[in-house]
Amino acid sequence: MPNWGDLPRATGGAPITVPRDPARDAARDELLKADYHRHDPSLQERVYDWIMDRINDALDAIAGDGTSGTTGLIVFLVVALLVGAGLWWRLGAPRRAVRTTLDVFGTAGPRTAAQYRADAERHAAAGEWAEAVRERMRALVRALEERTLLDTRPGRTADEAAAEAGRSLPEHAAALTAAARTFDDIAYGDRTADQAAYQLLRDLDQALERARPALAAAPGGAA
């Protein structure tokens, strides 16, 4: 820092000084530069610190630090609401839990293919395409079990049923795979069902009723 004697002087030898207000403004502008704030806490860090301070205050109040237990509890609940609101703002609304029941027949277990088909047609007549698709796929799988083309096995998924049935009915393997994918997308995903999706399953179900399983090749490759 220059000594008073080092300050520049005007004509006549009087030192030149900076007025107080411009000096204060210059100092403020200097301190506002980013280099002085690169290590400052972020907004999220400041919010977090504030929340933690309020939680500590609430816990101290509940412990009887000069405040009644009822008042402390109220303070704690207010802080809890603030924390919940902050998490909601930061993370958004909680998403609906993903369904884990992938059994093609659902939790109710299998019924007859005829019952599933009747329910599917009833839903289709009402324009309830998602329900119609689910019931028609169940009718298709149940019919294959009734014909012993599939073994009756609890917990089987639509994909597993399609893969197993495709080995016995190779001409329909691709259609079975597509039907299982449609069922999964509508039953457990976000796909919207429509009449076309239901009609594909209905046509496949009817085609499989007339299908005959492929004969296994004889040992040694003989026909």
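Modeller: Let me begin with a term: axes are lines fitted to C-alpha atoms, for helices over the stretch in contact, and angles run from 0 to 180 degrees between N-to-C directions. Please also keep in mind that this is a predicted model, in which local features need pLDDT of at least 70 and side-chain atom pairs count only at pLDDT 80 or more, while totals for chains, interfaces and linings use all residues. Residues are numbered from 1 along each chain as its sequence is written, and side-chain values use heavy atoms, with hydrogens and water left out.

Colleague: Okay, how many helices and strands are there?

Modeller: The chain has eight helices and zero strands, where helices (H or I, at least four residues) and strands (E, at least two) are DSSP runs numbered from the N terminus.

Colleague: And what share of the residues is buried?

Modeller: Of the 223 residues in the chain, 27% are buried; buried means under 20% relative accessible area, exposed means over 50%, and partly exposed is in between, with a 1.4 Å probe and protein chains only.

Colleague: At what angle do the axes of α6 and α7 cross?

Modeller: The axes of α6 (residues 158–168) and α7 (residues 173–187) cross at roughly 175° and come within 8 Å. Helix α6 is therefore roughly antiparallel to α7, given that angles over 145 degrees count as roughly antiparallel, under 35 as roughly parallel, 65 to 115 as roughly perpendicular and the rest as oblique.

Colleague: Which residues make that contact?

Modeller: From α6 the contact involves Ala158, Asp159, Ala162, Ala165 and Gly166, and from α7 it involves Ala173, Leu176, Thr177, Ala180, Arg181, Phe183 and Asp184, with contact meaning heavy atoms within 4.5 Å. These residues divide into seven nonpolar, two polar and three charged, where Ala, Val, Leu, Ile, Met, Phe, Trp, Tyr, Cys and Pro count as nonpolar, Asp, Glu, Lys and Arg as charged, and the others, Gly among them, as polar.

Colleague: Switching to the loops, what about Leu149 and Thr152?

Modeller: Leu149 is found in the loop between α5 and α6, and Thr152 lies in the loop between α5 and α6. Leu149 counts as buried at 17% relative accessibility, whereas Thr152 counts as exposed at 54%.

Colleague: What does Leu149 contact, beyond its neighbours within four places?

Modeller: Leu149 is in contact with Leu144, Ser168, Leu169 and Pro213 when neighbours within four places in sequence are left aside. The C-alpha atoms of Leu149 and Pro213 are separated by 7.7 Å, although the two residues are 64 apart along the chain.

Colleague: And His172, where is that?

Modeller: His172 is in the loop between α6 and α7, and it is buried, with a relative accessible area of 19%. Beyond its neighbours within four places in sequence, His172 is in contact with Leu204, Ala207, Leu208 and Ala211.

Colleague: Last one: which residues of α8 are buried, and what covers them?

Modeller: The buried residues of α8 are Ala197, Tyr198, Leu201, Leu204, Asp205, Ala207 and Leu208, and their cover includes α4 (113–125), α5 (129–146) and α7.
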